[in-house]
Amino acid sequence: RSAVVETRQQANGALLQAIAVRRDKELTRRGAADLAERVERMGVASGDVPVLGPGVELTLYDAEPAGDEAVGGDPRQDGGIAPGDVADRDLQIMVNGLWVAGAEAISVNGQRLTALSAIRSAGQAILVDYRPLVPPYVIRAIGDPAELQAGFAADLAGSYLQTLRNNYGITSTMDVRDRMTVPGG
């Protein structure tokens, strides 16, 4: 079923792209190029169209199992999440920190985030828009890389990420990308 859904989503994406090309050609041909540009901007803001540009790629890795982890008393343990595993709320905080830092478009493991997106858990699985994710968790954010790095570090998300590293052994990398794509939703 997952393969069928994936195939249908790809087909829908191709059809939506073909419609957008045709729409833009018609609007431009009819002298409404400014309207075509506004529609394109709205597509980016709504998450409907892919976005290409510079940005940062933040990758979160679950901690290596220690084998002698203490039981009880750990707030992360109470939620059914192992202390060294990335949780849905961790991804939520990272994503929100990147939005605050000025991200124009964000995806998590290839799933575009929009105003209607949800990052949540079901048991021990993390879901983005009801699609399960597997570690490592790769967050791509399009925007000015220097602003994204500085804004993220200055936000609570930056200190939260440091806390994850210090207290739970969750590691991360943040790499600057001159050119990357965040898919349409």
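## Basis

The model is predicted: local features need pLDDT of at least 70, side-chain atom pairs count only at pLDDT 80 or more, and totals for chains, interfaces and linings use all residues. Residues are numbered from 1 along each chain as its sequence is written, and side-chain values use heavy atoms, with hydrogens and water left out.

Helices (H or I, at least four residues) and strands (E, at least two) are DSSP runs, numbered from the N terminus.

## Helix pairs

Two packed helices are described by the angle between their axes and the distance between the axes. Axes here are lines fitted to C-alpha atoms, for helices over the stretch in contact; angles run from 0 to 180 degrees between N-to-C directions. Angles under 35 degrees count as roughly parallel, over 145 as roughly antiparallel, 65 to 115 as roughly perpendicular and the rest as oblique.

Helix α1 (residues 2-29) and helix α2 (residues 33-46) have axes that come within 7 Å and cross at roughly 150°. The two are therefore roughly antiparallel. On the α1 side, R23, D24, L27 and T28 make the contact (heavy atoms within 4.5 Å). On the α2 side, the residues are A33, L35, A36, V39 and E40. Five of the contact residues are nonpolar, one is polar and three are charged. In this scheme Ala, Val, Leu, Ile, Met, Phe, Trp, Tyr, Cys and Pro count as nonpolar, Asp, Glu, Lys and Arg as charged, and the others, Gly among them, as polar.

For helix α5 (residues 145-154) and helix α6 (residues 156-168), the axes come within 4 Å and cross at roughly 70°. These helices are therefore roughly perpendicular. F152, A153 and A154 of α5 meet L156, A157, G158 and L161 of α6. This contact has six nonpolar residues, one polar and no charged.

## Nonpolar cores

A nonpolar core is a set of buried Ala, Val, Leu, Ile, Met, Phe, Trp, Tyr and Cys residues joined through side-chain atoms within 4.5 Å. Buried means under 20% relative accessible area, exposed over 50%, partly exposed in between (1.4 Å probe, protein chains only).

The largest core has 26 residues; L91, L98, I106, V108, I139 and F152 touch the most other members. At least two residues each come from β1, α4 (88-100), β2 (105-108), β5 (125-128), β7 (137-142), α5 and α6. The largest share, four residues, is supplied by α4. L98 touches V56, L58, A103, I106, I139, A141, L148, F152 and M174, leaving aside residues up to four places away in sequence. A second, separate core of five residues includes V51, A105, I142 and V182.

## A buried glutamate

E57 sits in strand β1 (residues 51-61). E57 is buried, at a relative accessible area of 10%. Its side chain makes a polar contact with the side chain of R140 (2.8 Å). A polar contact is a pair of N or O atoms within 3.5 Å; within protein, one must be able to donate a hydrogen and the other to accept it, and residues adjacent in sequence count only if both atoms are side-chain atoms. Beyond four places away in sequence, E57 touches V138, I139, R140, T173, M174, D175 and R177.

## Backbone exceptions

Most residues other than glycine have a negative phi, and most peptide bonds are trans. The P135 to P136 bond is cis, with omega near -5°. P136 lies in the loop between β6 (131-132) and β7.

N109 has a positive phi, near 50°. N109 belongs to the loop between β2 and β3 (111-112) and is partly exposed at 26% relative accessibility. D129 has a positive phi near 50°. D129 lies in the loop between β5 and β6 and is partly exposed at 28%.
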